[in-house]
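Here is a friendly briefing to read with the model open beside you. Take a look at the fold, then follow the points below.

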Amino acid sequence: VVHVVLTTTSGIDDGALVSVDSGLAVSASAGHQLEVTAGGLGVAVSSARTAAGVGEAADLRGADSLVLAATSTDATSVTAGGPALVSSLADTGARLSAGPALTVGDLTITATQDATAIASGQGTALVAADHTTTAAIGRSLLLTGALDATATGTSRTSAHALAGRWTPVASDALAGLGGLPFTAVALPVRLSGQAGVGSSALAVV
């Protein structure tokens, strides 16, 4: 079992007073890759958060432009000779949180995320994924220029179970390890014919 928590943040703290006489740019960028290979049971629990923003009640004054940008790539995979279980939580956000009205020229808020979760196992393969991308404005604005708020998220999940003994997995199995709860999906495979017949089941969401 491998459990990884990654947090990358950049911004103005809650309640801070910041005065500038030019533009302000806040950015956070992260790349995360978790690969688990096991001869039997393989479990990967990944939690990654990337955030850039202006905190609640923070007061920003004098900025002629403001850029908030958060970017992340996240890949979690398990290849196992037994059951393969993956929990993937990825959250990327650029946020102008609630607070005093902001007077600014140009405002750009962008969040970009590319997240992948893959499980490949014998008999049982399960992926629980929560991938979220957010670009948010939580306060009043007085703009003298352009406004651009964009959130772009790409999410890929797949579970590949080779024919073998199916192992039931409790719905709280990953949650008990700090991962996400899930609803199991069983894909029955019926084999017939002579000995040596092989079969596999592939589920892609």
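Leu60 touches Ile12, Val18, Val20, Leu24, Leu66 and Leu102, leaving aside residues up to four places away in sequence; a contact here means heavy atoms within 4.5 Å. This is a predicted model, in which local features need pLDDT of at least 70 and side-chain atom pairs count only at pLDDT 80 or more, while totals for chains, interfaces and linings use all residues. Residues are numbered from 1 along each chain as its sequence is written, and side-chain values use heavy atoms, with hydrogens and water left out.

**Nonpolar cores**
- Leu60 belongs to the largest nonpolar core, which has 19 residues; Val54, Leu60, Leu66, Leu68 and Leu96 touch the most other members.
- Strand 3 (23–38), strand 4, strand 6 (65–80), strand 7, strand 8 (102–104) and strand 9 (106–122) are the elements that give two or more residues to this core.
- A second, separate core has twelve residues, including Leu34, Val36, Ala84 and Val86.
- For reference, a nonpolar core is a set of buried Ala, Val, Leu, Ile, Met, Phe, Trp, Tyr and Cys residues joined through side-chain atoms within 4.5 Å.
- Buried means under 20% relative accessible area, exposed means over 50%, and partly exposed is in between (1.4 Å probe, protein chains only).

**Overall make-up**
- The chain has 13 strands and zero helices; both are DSSP runs numbered from the N terminus, with helices being H or I of at least four residues and strands being E of at least two.
- Of the 205 residues in the chain, 36% are buried.
- Among contacts with a separation of 6 or more, 81% join residues 24 or more positions apart.

- Four strands make an open sheet with parallel pairing, in the order 1-4-7-10; two strands pair if DSSP finds at least two bridges between them.
- Strand 1 (2–12) and strand 10 (125–137) each have a single partner strand, so one side of each is left without a neighbour in the sheet.
- From one strand to the next, the twist averages 0°, with axes fitted as lines to C-alpha atoms (for helices over the stretch in contact) and angles running from 0 to 180 degrees between N-to-C directions.
- Strand 4 (residues 42–54) and strand 7 (residues 84–96) run parallel and are joined by 13 bridges.
- Gly53 has Arg95 of strand 7 as its bridge partner.

**Cavity and pocket**
- One cavity of 30 Å³ or more is present, and the largest cavity holds about 50 Å³ of space.
- Residues lining the largest cavity include His32, Asp74, Asp91 and Gln113, and strand 3, strand 4, strand 6 and strand 7 each supply at least two of its lining residues.
- The second largest pocket holds about 240 Å³ and is lined by 15 residues, with Arg49, Ala51, Ala52, Gly53 and Gly55 nearest its centre.
- Strand 4 gives the largest share of that pocket's lining, five residues.
- On a 1 Å grid over the protein atoms alone, a cavity is a set of points where a 1.4 Å probe fits but cannot get out; a pocket is an open set with protein on both sides within 12 Å along at least five of seven lines, and lining residues have an atom within 4 Å of a point.
- Grid points are joined across faces, edges and corners, and a volume is the space filled by probe spheres set on the points.

**Leu143**
- Leu143 sits in strand 11 (residues 141–143) and is partly exposed, with a relative accessible area of 29%.
- The C-alpha atoms of Leu143 and Thr103 are 6.0 Å apart, although 40 residues separate the two along the chain.
- Not counting residues up to four places away in sequence, Leu143 touches Val104, Gly105 and Leu107.
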